[in-house]
Amino acid sequence: MLPFLIRRVLQTIPTVLAVVLLVFVLFSVVPGSIVSSMSDDSDPQVELRMKKQLGLDDPVYLRFGSYIAKLATGDFGTSFRTREPVTTMIAKRMGPTLQLIFAAMTFAIVVGVPLGFIAALRPGSIVDTASMVVAVSGLSMAKFWLGLLLMYLFALKLGWLPSFGYGEGGGKYLILPAVTLGVSPMALLARTTRAAVLEIMTADFVRTARSKGMSEARVVKWHVMRNALVIILTTVGLQFGALMGQAVVVEKLFSWPGIGSLLVDSVLQRDIPAVQGSILVVVLFFFAINLLIDVLYGVIDPRIRYA
Amino acid sequence: MFRIVAIVAGLGLALAATAEAQTQRKGGTIRMTAPYGSSFTSLDIHTTQRAQDEIYAKALHRSLYIWNSAEGKPVLELAKEDVVSGGGLVHTFKLRDDAYFHNGRKMTADDVIWSYNRIMDGTKAFPGARFVRVIEGAAAVEKGQAKEISGLKKIDDFTLEMKLTEKVDPGFYFFTALTSIYPADEAAKESFIQNPIGLGPFKFVEHVPGSRIVLERWDRFYKPGKPYADKVIVSIMAEAAARDVAFRNKEIDTSVLGPAQYVAYQADSGLKGTIVEVAEVFTRYMGMNPSFKPFADKRVRQAINYAIDTDLIINKLVKGKAYRATSWLPLTSPAYDKAMKPYAFDPAKAKQLLTEAGYPSGFEFEWTTSQNESWGLPIVSAVIPMLDKVGIKAKVKQVETAVLAEVIRSGDYQAFIYSQATGPDPQAALKCFHSSTPQPACNYMNFKNADFDKMMDEAGQTDDAAKRTQLLQKANALLYDEAPVWFFNYNKAVMAVQPWLKGIQLNATELTHQNVEDLWVDETSPAK
């Protein structure tokens, strides 16, 4: 296991470097800079000084080299906008984003997996059809629109929940953004679970178990569920990473203080260190979740080896 | 149009009078919104000039002057008196001796001097340097040639002498939060950026980045009996639709409205009464580059003004959320000339002018625009067929707003559409067209006109306020005739305000910037 983990960690280094380079090159090529985005009527003298202060008049390769050197020491640089260390900014935002993602994923798993199971156990039934209608609708609906609908219904019409904000990080503020973010992975999980279970139900080892006289409940629990979990886990892992990116829209809509809204403002204002740092964290998070999933494969199915 | 303005002003006065008639209530929470982005830039207000950041800064900080919306001009705030001498260049300020920072220390002249020296630190590039630079010796500090601004002299703890380089009203230079006065001892510490200390009516409690800033009443604020509210919460809400739901759900007290919401709120009897509007000091226009041959001819520029049905665009596309521009200076400018009339929609006249200028078949140009709904792509798309009818073809070049600013300053365009601050100081707004103003500074159309320069120079020299206004009006009229731009509109800022929030000021410099100490909530507020 340990050599496998070390190998996987080492494999991320070129990926991270490639991402950093890509973002750096992109922001060097696209027009606009932090200086021009600060105000509509800023002073040219101040702009020149700001460019010098931020090192924006240095050649790209020098800036990139300096950034990489700092990155190697764990220094993500200083934000052009806030003049704060990027690590501090990200640290403040990471908690709410993780809170939102975990809540969304919990919702997706708790609703999506049973929905898929129930649908697969009664294929062609009304339950199956209804579940898949819910799943397809969830996949098709834009998060922005869904969020507004939920706000309208649960905040304005029913008055059960606040429509926006973070409060003290409490549950009532988390529900609407988490459901908005979680509907899409919930739908995907429902469809994936259904397909996986249907396929496993027709497998030879399931037929063998049934022919040995095992009860249907035991067949589902010990053979179907356990084998379906590997597929479900893969989907969960991929969705966890994707949610980090999708949270951008939801955080902005609900004024949720996460890394997504930081990324949006940083991109719009060409705050390159903050963009770099935020993207890097998203990439590392994606990697970490996938590594965790790889480890969990072994726990669920001992046949999987880490050679 | 003036009737509308008069009605709006009347409504504003009526609102103010009603508020005054009631007894200001102490206590409660004011729940404002910051609609211009997903975050605040910084808690160090010297570093940021975004309108978004000044919303909270109006509660936390104070500058030497403050904008008085009722009078439409800056008035003394941290000083009780300004004695002018030295041919209008020397200002001796009697500072307040009852202004306390939120750490309990009294403000003195040293804090003002320290703050202005800080802003002029050339290595930090603080945006407020453009204002402080008007003090003699400030530029030398910026260039690193001096350590302290020579034009600032402490007479005693509460008397400050300020020598300017130009004969200007310092109020226009020292009223925004960019020149806020910081406590010299505390602000030098690293921790200040996390826990800012100011002189404002509310002190800092917490900042949840990307979500809100919370402030609470500062009991030692120097205005007796103020502030009224116990707390101010400024929530970041960049999405208009989300703000709309939150406003209808009574979760917020103020919400900036876009054109579509403006129409919806006007049509809703329950919300119509919440609308507050003011002509802000921003002019929207299409700038024409005189180095592009057709635009070098005044007749072509005038033809464009005649060819566009501006009223139609304002009514149909901008949904009436703007005032027709008659020239450069906006309606709320003290030098606005009410007698001026906008260019009429007259395509025949436009054709005639184009023929006289040697373009009977028209010409083609590239029009750089952002996506802005009020002064960007939708407007350009509506204008193109109108120009086409007189033979002028426009090709659209779409860029981001930040890029547009860069394009304009570099002069790398044939035409662009933009929204530019044209106040509150009319002299500064018109000075942008003076030939001595560099193109990247704000003379974006590279305008050069000897008659205009002469009028502006005279306006800058005279001590007679009425004569100055007259000269500025003449200069503004000259711009109308020279038509360096298509005069589109002046922004009508619209905000929905809950009925329980009283004391809203019609701030023409930016409606969201409220002197929070004058606001109060009545007992019907859900956050009373």
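A polar contact is a pair of N or O atoms within 3.5 Å; within protein, one must be able to donate a hydrogen and the other to accept it, and residues adjacent in sequence count only if both atoms are side-chain atoms. This is a predicted model, in which local features need pLDDT of at least 70 and side-chain atom pairs count only at pLDDT 80 or more, while totals for chains, interfaces and linings use all residues. Residues are numbered from 1 along each chain as its sequence is written, chains are lettered from A in the order in which they are written, and side-chain values use heavy atoms, without hydrogens and water.

Across the interface of chain B and chain A, 12 residue pairs are in polar contact, both partners at pLDDT 80 or more. On the side of chain B that touches chain A, helix H7 (240-248) and strand E16 (415-421) are among the elements that each supply at least two residues; helices (H or I, at least four residues) and strands (E, at least two) are DSSP runs, numbered from the N terminus.

Now for the interior. A nonpolar core is a set of buried (under 20% relative accessible area, 1.4 Å probe, protein chains only) Ala, Val, Leu, Ile, Met, Phe, Trp, Tyr and Cys residues joined through side-chain atoms within 4.5 Å. The largest has 93 residues, and Leu64(B), Tyr116(B), Ile135(B) and Phe174(B) touch the most other members. A second, separate core of 82 residues includes Ala203(A), Trp256(A), Ile252(B) and Tyr265(B).

Back at the interface, the rule finds two salt bridges between chain B and chain A. Glu239(B) and Lys252(A) meet in a salt bridge through their side chains, at 3.5 Å, N to O, the cut-off being a side-chain nitrogen of Lys or Arg within 4 Å of a carboxyl oxygen of Asp or Glu.

Terms used. Buried means under 20% relative accessible area, exposed over 50%, partly exposed in between (1.4 Å probe, protein chains only).
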